[in-house]
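Reader: Can you walk me through this model? I'd like to start with the strands and then jump around a bit.

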Amino acid sequence: MEDKVIDSRTSKDGSCIRRRRECLRCGYRYTTYEQMERTELRVVKRDNLHEALNREKILRGMIKACEKRPVSMDRLDAAADEIVADLHRDHQREVPSSVIGMKVIEKLQTIDPVAYIRYVSVYRQFQNVDEFIELVRRMESRVANDSLQRKLSLG
């Protein structure tokens, strides 16, 4: 089929290109959507084993950390999408599992402080209570500083 492109636009989320086309024979107009095909990212685990990047595994970890917390599934879904998009943008073929863990930690820190503490406590495999207490103190200090900054900017 021979056609011409009348209009091209990037989708709102930037994930694909929308093209309006017209058939050169009959004049029929239609829309196509083009998406970039990504190569499969491989995760390099701590024991040096490799496995395919699994968005659902990332999402499951965040869901577990947010259990019984006021965090919507939509928010977690969006966070998982953002993490995967960041990983594809920053890495060509392989990504260390530690990088994925840190991305999840960064997202959870902005989503819910309790979920953040839960995830970090499992991720970091604390050896004693003092390490855990130090993490909680740093988080409390960060939350207090953020709260003070908000009050100063509003006031």
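Predicted model: local features only at pLDDT ≥ 70, side-chain atom pairs only at ≥ 80, totals over all residues.

Reader: How many bridges join β1 to β2, and which way do they run?

Author: There are 7 bridges between β1 and β2, and the two run antiparallel. On terms: strands (E, at least two residues) and helices (H or I, at least four residues) are DSSP runs numbered from the N terminus, and two strands pair if DSSP finds at least two bridges between them.

Reader: And what does β2 do with β3?

Author: Strand β2, residues 16–23, pairs with β3 in the antiparallel sense, again over 7 bridges. Within that pairing, R20 sits opposite T31 in β3, and R19 has T32 as its bridge partner. The hairpin of β2 and β3 has 5 residues between the strands, and G27 takes a positive phi near 85 degrees there.

Reader: What's the strand order in that sheet?

Author: β1-β2-β3, an open sheet of 3 strands with antiparallel pairing. β1 (3–10) and β3 (29–35) are the edge strands with a single partner each, so one side of each has no neighbour in the sheet. Neighbouring strands are turned by 25 degrees against each other on average, direction ignored. Those angles come from axes fitted as lines to C-alpha atoms, for helices over the stretch in contact, and run from 0 to 180 degrees between N-to-C directions.

Reader: Back to C23. Buried or exposed?

Author: C23 is buried at 8% relative accessibility. Buried means under 20% relative accessible area, exposed over 50%, and partly exposed is in between, using a 1.4 Å probe and protein chains only. C16 is buried too, with a relative accessible area of 16%.

Reader: How many disulfides turn up in the whole structure?

Author: 0 disulfides, where a disulfide is a pair of cysteine sulfur atoms within 2.5 Å. For C23, the closest cysteine sulfur is in C26, 3.7 Å away, which is too far for a bond.

Reader: OK, aromatics. How many pairs count?

Author: The count comes to 1 aromatic pair. The rings of Y28 and Y30 are stacked, because their centres are 6.1 Å apart and their planes at 15 degrees. The rule takes rings of Phe, Tyr and Trp (its six-membered ring) with centres within 6.5 Å; planes under 30 degrees apart count as stacked, over 60 as edge-to-face, and the rest as tilted. Y28 is exposed at 53% relative accessibility, whereas Y30 is buried at 17%.

Reader: Where is L41, and what does it touch?

Author: L41 is in the loop between β3 and β4, and is buried with a relative accessible area of 1%. Leaving aside neighbours within four places in sequence, its contacts (heavy atoms within 4.5 Å) include L53, L87, H91 and V95.

Reader: So where does H91 sit?

Author: H91 is in the loop between α2 (73–90) and β6 (94–96). At 19% relative accessibility, H91 counts as buried. Not counting residues up to four places away in sequence, H91 touches L41, P96 and V99.

Reader: Last one: helix α3. What span should it have, and what does it pack against?

Author: α3 (residues 97–111) has 15 residues and should span 21 Å, and its end C-alpha atoms are 21 Å apart, which agrees. The expected span is 1.5 Å times one less than the number of residues. Buried residues of α3 include I100, V104, L108 and I111. The buried residues of α3 pack against β4 (42–44), α1 (55–65), α2, β6 and α4 (113–123).

Terms used:
Residues numbered from 1 in each chain as written. Heavy atoms only, no water.
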